Amino acid sequence: MNKMCDLAAWSMVTSVGMFVWFATTAHAGPSHDAATQPHPLRTADPAGLKGQAVTAIRGNVKLAGYLSKPQGNGPFPAVIMLHEWWGLSTHIKQQADTLANEGFAVFAPELYDGKVATDPKTAAKYMDELDEAKALTTMKTSYQWLRSKEFTKGRQVGSLGWCMGGGLSLQLALNEPIDAVVIYYGMVEKDPAVLRKLKGPLLGIFADRDGWITPALVNEFETALKAAPVRYAIHRYDADHAFANPSNPNYKSELATDAWGKTVAFFKANLR
């Protein structure tokens, strides 16, 4: 069984912006897995990044992260990009640059205070130690900060995340009026009453061989979305968990490219 990240359980508490989430399970893998092979999180070249590190103070919250914008002054529609269990890696920053090239201002907040893991054991430790209340405050502040900038003035804001970040993308959208939310194989919500909080449409990217976010769990999620009702699109791929992450042995380039194309098209259709 391959090493990979995800949430074993997630319970949402909807009042006063508080939530309680996950217990982590890290599965041991064979010696040829991502822990021992050349690892994109180690070898990605930060010299090619187009964006910039930013820090800001909003109220009593200190915000840090990576900001990538299209050329020009804008204003641009925006996306909050939420990292996986590895942390705010060069890979996530490259994804932010790629999305910025499509015309979006992208902000990826730090949720690990600058720590980045390059092996599954450390990544699981960082995710397990994540202060959920602080993370939610960081995400909400990211939304408010991004909305306040001249380069996004009057434009809409989406959210996007993979794995741990996919579940966080949904949680952000349940706590702020996100205009379009994308989840890549992250923990989902099964209560239609909770999902009614979503303002905008939702795109879900899932894997039919995922042992964590299983097809049965996705079916329950889709049933709840219909009952809410929420505008949504669910795409399922013949792949395993983390198939869109090049640092994972389950990576499928062709499927990841297809999912990314759907992601960009979704944002272009729903963020103005």
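# Core, sheet and ring pairs

Q: Leaving aside neighbours within four places in sequence, with which residues is Leu198 in contact?
A: The model is a predicted one, in which local features need pLDDT of at least 70 and side-chain atom pairs count only at pLDDT 80 or more, while totals for chains, interfaces and linings use all residues. Residues are numbered from 1 along each chain as its sequence is written, and side-chain values use heavy atoms, with hydrogens and water left out. With contact taken as heavy atoms within 4.5 Å, and with the neighbours within four places set aside, the partners of Leu198 are Leu170, Ala173, Leu174 and Val230.

Q: Which residues touch the most other members of the largest nonpolar core?
A: A nonpolar core is a set of buried Ala, Val, Leu, Ile, Met, Phe, Trp, Tyr and Cys residues joined through side-chain atoms within 4.5 Å, where buried means under 20% relative accessible area, exposed over 50% and partly exposed in between, with a 1.4 Å probe and protein chains only. The largest such core holds 53 residues, and those touching the most other members are Trp145, Leu146, Leu170, Leu195, Leu198, Leu202 and Phe221.

Q: How many residues make up the other core, which lies apart from it?
A: Among the members of this other core are Leu49, Tyr237, Phe243 and Ala244. Its residues number 33.

Q: Why is α5 described as largely enclosed by the rest of the structure?
A: Helices (H or I, at least four residues) and strands (E, at least two) are DSSP runs numbered from the N terminus, and α5 covers residues 164-175. From its first C-alpha to its last α5 reaches 17 Å, close to the 16 Å expected at 1.5 Å a residue, the expected span being 1.5 Å times one less than the number of residues. The helix is largely enclosed because the number of its residues that are buried is twelve of the twelve.

Q: Which residue in the turn of the β1-β2 hairpin has a positive phi?
A: Strand β1 runs antiparallel to β2 (residues 61-68), and seven bridges join them. Arg58 stands opposite Val61 in β2. Two residues lie between the strands of this hairpin, and the one with a positive phi, of about 65°, is Gly59.

Q: What kind of ring pair do Tyr112 and Tyr126 form?
A: Rings of Phe, Tyr and Trp (its six-membered ring) pair if their centres lie within 6.5 Å, with planes under 30 degrees apart counted as stacked, over 60 as edge-to-face and the rest as tilted. Both Tyr112 and Tyr126 are buried. Their ring centres are 5.5 Å apart and their planes stand at 65°, so the pair is edge-to-face.

How values were computed:
Pairing = 2+ DSSP bridges.
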